[in-house]
Amino acid sequence: MDTVYVVYWSQSGNTQAMAEAVGAGAEAAGSKAKVVSVSDVSADELKDLKGFALGCPAMGSEELEDSEMEPFVAEVEKFAAGKTIGLFGSYGWGDGEWMRNWTDRMKAAGASVPGDEGVIANDAPDDEAKAACEELGRTLAAL
């Protein structure tokens, strides 16, 4: 892809760091990366793309952030069929249930999720999580 969109919501900066790693991976693979906060993009901008990445930390009782990210994801579900959607995010408690639910939700909408799972990091992304995010960016760049 010419440009890989990486749309994220971050409170502490951990998911933003993951988003930047996804973008770096896409750029290393020869694509441009548009790493953007969910508040600065419309879901309509993603409709014609083969794939893109979405990032959100676990909130509350392991769910997506509900004021910005949840409504955005609900819009994406309407056109997700046939798309490749990379998912990523950080968490500070629980076991990653929010990511499993999000992955299942995107698959139920007809999208494919690289590796059949999202990339997660417990709190700040360590080197392994950053490498997985970079790989996700390379995967999306190859679409």
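Which residues have the most contacts inside the largest nonpolar core? Before I answer, please keep in mind that what you see above is a predicted model. The largest nonpolar core has 30 residues, and inside it Leu46, Leu54, Val76 and Trp102 are those with the most contacts. Two or more residues of this core come from each of strand 1 (3-8), strand 3 (51-55), helix 2 (69-77), strand 4 (84-91) and helix 3 (97-108). Apart from this core lies another one, of 18 residues, which includes Ala19, Phe88, Leu136 and Leu140.

Let us take Val76 as an example. If we leave aside its neighbours within four places in sequence, Val76 is in contact with Ala43, Leu46, Phe52, Leu54, Ile85 and Met106.

Two of those partners, Phe52 and Leu54, bring us to strand 3, where five of the five residues are buried. In a regular strand the side chains alternate between the two faces of the sheet. In strand 3 both faces are covered, with Gly51, Ala53 and Gly55 buried on one side, and Phe52 and Leu54 buried on the other.

Now to the neighbours of this strand. Strand 1 runs parallel to strand 3 and is joined to it by three bridges, and here Tyr8 has Gly55 as its bridge partner. Strand 4 also pairs with strand 3 in the parallel sense, over five bridges, and in that pairing Gly55 stands opposite Phe88. From strand 3 the chain passes through helix 2 to reach strand 4, and this β-α-β crossover is right-handed.

Methods:
Residues are numbered from 1 along each chain as its sequence is written. This is a predicted model: local features need pLDDT of at least 70, side-chain atom pairs count only at pLDDT 80 or more; totals for chains, interfaces and linings use all residues. Side-chain values use heavy atoms; hydrogens and water are left out. A nonpolar core is a set of buried Ala, Val, Leu, Ile, Met, Phe, Trp, Tyr and Cys residues joined through side-chain atoms within 4.5 Å. Buried means under 20% relative accessible area, exposed over 50%, partly exposed in between (1.4 Å probe, protein chains only). Helices (H or I, at least four residues) and strands (E, at least two) are DSSP runs, numbered from the N terminus. Contact means heavy atoms within 4.5 Å. Two strands pair if DSSP finds at least two bridges between them. A crossover is right-handed if, with the strands pointing away from the viewer, the path from the first strand over the helix to the second runs clockwise.
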